[in-house]
Amino acid sequence: MFQIFCRTALKTVCNFTPFPFVNRLKFRCVSSMASTVTEISSTKSFRGWQKFFKHESAELKCSMNFGIYLPLEAETEKLPVLYWLSGLTCTETNFAMKAGAQGMAAESKVIIVMPDTSPRGCNIEGEEDGWDFGTGAGFYIDATEDKWKTNYRMFSYITKELPNVINENFSTKPDVMSIFGHSMGGHGALVCALKNPGQYRSVSAFAPICNPMQCPWGQKAFTGYLGSDQETWKEYDSCELVKGYKGPPLDILIDQGKADNFLTASQLLPDNMVAACASSKMPVTLRMQEGYDHSYYFIATFVNDHIKHHMRYLNA
């Protein structure tokens with residue numbers, strides 16, 4: 001959860017030639033009408049490619065990295081997209097390197113996109129002071145406090161800008177997407193789906209921060225990014241959002257390890273989410289997994305189940 005990986009040297013998509021797969025997909029440097037993506041690395045995996053890119057974000061006013069797994073079929077077909085949101089301190093690399101999802105993604109013919117967890121290098125006072133706020137801890141919300149509101153707009157980045165970047169530069173079915181995540185990213189996935197009825201076909205989460213208004217991580221982040229008015233916090237709390245959800249049914253899948261130390265520290269509160277869904281008649285499956293903690297060993301064990309869950313809806 002806490003390991004941060006180095007970023008390698010950059011190669012622009014329009015000039016990069018060693019992998020003919022790039023040219024067959026017709027990746028390109030594009031005009032100001034769309035976002036230019038610059039390739040960082042490319043590694044063959046399960047006949048497809050695990051790639052990393054960077055681009056300049058209009059929402060976040062900084063350079064952002066993302067990972068993307070492209071199955072072989074993306075050479076000739078438009079494929080659905082599954083967005084993964086990582087947790088506190090993570091970057092775009094953690095899921096790609098630790099979850100082992102590429103094999104099931106290749107079998108399922110689905111693209112997986114893995115964004116970073118916050119803006120970086122914005123030179124905001126205090127953004128590097130802690131691991132649970134600021135850099136690596138964007139909480140997938142749009143900040144309203146003056147100090148943070150220019151750059152910390154991860155909700156709009158994930159739900160608006162990044163899908164446009166992906167659809168402009170890769171072989172996708174633009175309106176066929178789902179979303180999942182872990183911990184802070186599980187919170188983000190639930191919030192993105194509940195605040196945008198119909199945008200995502202399905203949503204799932206590993207050990208999500210289900211009720212951030214009621215846990216220390218969420219209270220710290222919401223106070224810093226949104227201010228002290230707790231009424232505004234409800235816009236980014238899944239337990240509050242599900243109460244007013246009016247969109248298509250979401251079949252929510254949540255996996256939670258019983259040996260997760262953050263569960264016992266009351267940071268995650270999955271029972272609150274189950275109760276909120278029950279009162280709102282929202283379908284939810286909470287699977288309490290004996291012996292599993294908060295790590296990527298837990299995620300890797302059940303990630304195939306989650307991809308299969310999403311493919312039921314992405315292929316519908």
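## An aromatic cluster

Trp84, Phe95, Phe180, Phe206, Tyr292, Phe298 and Phe302 make up one aromatic cluster. The model examined here is predicted.

## Aromatic pairs

Searching the whole structure gives 20 aromatic pairs. One of them joins Phe66 and Phe170, with ring centres 6.2 Å apart and an angle of 85° between the planes. This pair is edge-to-face, because planes over 60 degrees apart are counted that way. Phe66 lies in strand E4 (residues 62-70), while Phe170 lies in the loop between helix H4 (154-169) and strand E7 (172-182). The two residues are 104 residues apart, and their pair links distant parts of the chain. Phe66 has a relative accessibility of 0%, so it counts as buried. Phe170 is also buried, at a relative accessible area of 5%.

Trp131 and Trp217 form another edge-to-face pair, with 6.0 Å from centre to centre and 85° between the planes. Trp131 is in the loop between strand E6 (111-115) and H4, and Trp217 is in helix H6 (residues 216-226). Here too the pair links distant parts of the chain, with the partners 86 residues apart. Trp131 has a relative accessible area of 39% and is therefore partly exposed. Trp217, with a relative accessible area of 4%, is buried.

## A charge over two rings

Lys195 places its charged end over the ring of Phe155, 5.4 Å from the centre of that ring. The charged end of Lys195 also sits over the ring of Tyr236, where the distance to the ring centre is 4.9 Å.

Definitions and conventions:
Residues numbered from 1 in each chain as written. Predicted model: local features only at pLDDT ≥ 70, side-chain atom pairs only at ≥ 80, totals over all residues. Heavy atoms only, no water. Phe/Tyr/Trp six-rings, centres within 6.5 Å; stacked < 30°, edge-to-face > 60°. Helix = DSSP H or I, 4+ residues; strand = E, 2+ residues; numbered from the N terminus. Buried < 20%, exposed > 50% of the residue type's maximum accessible area, 1.4 Å probe, protein only. Lys NZ or Arg CZ within 6 Å of the ring centre and 35° of its normal.
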